[in-house]
Amino acid sequence: MDYRIKLAKRMLFNQKGSLFGAVLAVTIGILVIHVNFVIFQGLFDAIVRDISDYNTGDVIITDEFDFIDKSDQSLIRWFERIPVVQAATPRLSTSSEMNMTKNGKLIEETRISLVGVDPFNDVRASTVHETVTEGSYVFSRNSIVLGSNIARDLGGAQVGDSVKVLVVDRWGQDQIKRFTVTGIANSPGGQGFDYSGVIHIDTLRDMMSRHGDTGSFMVKLYDHSKALEVKEFFLRSFPNEDFIAETTEEASEAQLEGFRSGIAMINMIGYFGMMASAFAIVTIQMMLVNGKTRQIGVMRSIGAKRKDILIIFIFQGMIIGAIGAGVGTAAGLGYTVYAKETKMSFNGSLPLEVTYNWEKVIQTALMSFILAIIASLYPSYRATKLLPVEAMRSV
Amino acid sequence: MSSVLEINNMSKIYGEADNRVKALDDVSFSIKQGEFVLIVGSSGSGKSTLLNMIGLLDHPTKGKISIDGIDTTTLNDDKISSFRNKKLGFIFQFSNLLTDLSVLENVLLPLQIGGNNTGEKDAMDLLKAVGLEDQIYKRANKISGGQAQRVAIARGLINKPSIVLADEPTGNLDSVTSATIVQLMKSMAKKLNQTFIIVTHDREHFGNVDRVITIKDGKAFEGDMPSEMEITV
Ligand SMILES: Nc1ncnc2c1ncn2[C@@H]1O[C@H](COP(=O)(O)OP(=O)(O)OP(=O)(O)O)[C@@H](O)[C@H]1O
Ligand SMILES: [Mg+2]
């Protein structure tokens, strides 16, 4: 082995404290980035997941001006012929008023979003039925599922209670109907129907006098990465209709935009953390160099060139970077596995969508490795400035 | 016999203006191959400065140093490093050794710095000659001061240098150990016909040597210093 590499290794491993400190600095830098990724990217992806699962599917179809008047069955059949499509379901929504008498007291709530669903297809295309924590999802023409917040606002509506619902039909007439509460919906993270009432889509069509009309179609795919393809295929197939087709991301762009810049900022903080660990390496290596002043002088006296000294200390930077990147990545992945296995949730409610982004993992490891080498440049350069006469010094 | 070292009109001035110290003042002498030379003189007289110049560890302000007939004043830093590696051996007063390496690795280091990865047998032979054959795998910070100086002697000899330079090699040792180190250097010099230039305060321990150069106020004089000077040391 080259004596410079041997010396670099020995000097470092004989200074366990310095080695440990430097490796720890790199490790923490990497860990911060991994933890940030798990939490904030996980949160972002969880929100996208919930929007997709509860509200938009992978592709959502609406009509540019009005309601979709194609029949449910024909559109569903059209979509389900595409192999990558798992299911499609129609939805219709409007604003409503509700009132309920509880313990002899009448409580009235206005401007409540009322969503009509097709119970058979909805459970195939959306997981929103899983958020029904008490009772069951809409199953008959006069059953209603209340979002937990609506139930609370109505004075504590429970399964079995009766609610009066008012909607304005297409002719401007009030239409009132009594429903029985069959379930309460409460989604972790609140992206579900927590602020809505959910009824059978045909009941809502009746009340609104909109027979055969649909507000939107949620299309669920087996593979989200095909969303754009399906969307474009759909638009090409119906060129003469005023359909709008959007992927989850397109449909929720407004909701996600702020979040995106938040993540960018969190990433910045992570990179600042990495910079801080680079400074820690500079400090630790300066200490190493200062502690070896005389020995560096001895090496120079017996013939080591400036370049040789430079190589020794830069190699130390590489060792620190390599071990740090290894330990840091292992720790980061450990945290990620832990988050995934324990189904870690944000704020104790919204389960994070934990993914392994290998590109980012490798990029982070590589970057901290390179940063450690860059950090070692200055101490290494200082070491080369030490003169051979240092060996002669008697104090 | 040819001369391994030739010094012509060499001066060394440290500092500037008010802080100016003339550490060496127009020194000239030459040393022949195989000579065992002591450099003596009172503290601050300029002995270490002289040895630094001969060892090419620092540049003279004026004058010329030739080693093995090569004028060293014109060499650049890398050439000087190679030159030190091939032509000179060093024994310092303190902390001679790299504490991260073993005794054997320390002795091999000058060879490896010179790009030669063989020579283990030569190193073993030298370590045997200095009486450390049973310590070769010990880490260099786990041996005594006297043993460290023996290792330094072996390391100083491994490249078969033209000159071995030592600055107070016994300055840090007790008197009994000093005497054995002195005897070791003298016997190695004789055995290998090796030139030694040794700065020392320990004149008595060395007894008879080939040559003594006394430094006084930066000037070099042939022979032992007068006894009245020793009192001031
Ligand atoms: N790097 C330096 N900068 C300034 N002055 C120096 C330097 N090195 C030595 N000197 C001065 O040069 C003079 C000679 O110093 P030198 O170290 O050569 O003496 P010395 O004979 O080796 O003394 P000692 O026996 O105490 O080791 C002294 O006055 C010293 O203060
Ligand atoms: Mg001195």
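Start by selecting Arg139(B): at 28% relative accessibility this residue counts as partly exposed (buried means under 20% relative accessible area, exposed over 50%, partly exposed in between, with a 1.4 Å probe and protein chains only). Its salt-bridge partner is Asp100(B), at 3.9 Å from N to O. A salt bridge here is a side-chain nitrogen of Lys or Arg within 4 Å of a carboxyl oxygen of Asp or Glu. Asp100(B) sits in the loop between strand S6 (88-91) and helix H3 (103-113) of chain B, and Arg139(B) in the loop between helix H4 (120-129) and helix H5 (145-157) of chain B, so the pair ties together parts that are 39 residues apart in sequence. Helices (H or I, at least four residues) and strands (E, at least two) are DSSP runs, numbered from the N terminus. Asp100(B) counts as buried, at 2% relative accessibility.

A word on what you have open: this is a predicted model, in which local features need pLDDT of at least 70 and side-chain atom pairs count only at pLDDT 80 or more, while totals for chains, interfaces and linings use all residues. Residues are numbered from 1 along each chain as its sequence is written, chains are lettered from A and ligands numbered from 1 in the order in which they are written, and side-chain values use heavy atoms, with hydrogens and water left out.

**Staying in chain B**

Next, select Glu222(B) and Arg211(B), a salt bridge whose closest N and O atoms are 2.7 Å apart. Glu222(B) belongs to strand S10 (residues 219-222) and Arg211(B) to strand S9 (residues 211-216) of chain B, 11 residues apart. Glu222(B) counts as exposed at 54% relative accessibility, whereas Arg211(B) is buried at 14%.

Now pick Asp217(B), in the loop between S9 and S10 of chain B. Its phi is near 50°, a positive value in a residue other than glycine, and at 60% relative accessibility Asp217(B) counts as exposed. Asp68(B) also has a phi near 50°, again positive and not in a glycine. Look for Asp68(B) in the loop between strand S4 (62-67) and strand S5 (70-71) of chain B; this residue is partly exposed, at 32%.

**Over to chain A**

Show helix H2 (residues 16-56), where Ile28(A) lies. Ile28(A) is partly exposed, with a relative accessible area of 45%. Together with Phe20(A), Leu24(A) and Val32(A), Ile28(A) makes a nonpolar surface patch of about 360 Å².

Then select Lys231(A) and Glu250(A), which form a salt bridge with the closest N and O atoms 3.1 Å apart. Lys231(A) is in helix H7 (residues 227-237) and Glu250(A) in helix H8 (residues 248-251) of chain A, 19 residues apart. Lys231(A) is buried at 13% relative accessible area, while Glu250(A) is partly exposed at 34%.

For the last stop, find Ser126(A) in the loop between helix H4 (119-125) and strand S4 (132-135) of chain A. Ser126(A) counts as buried, at 2% relative accessibility.

Notes:
Patches are made of residues with over 30% relative accessible area and no salt bridge: like charges are joined within 9 Å, nonpolar side chains (Val, Leu, Ile, Met, Phe, Trp, Tyr) within 5 Å. Accessible areas come from the Shrake-Rupley method with a 1.4 Å probe; for residues, only the protein chains shown count as cover.
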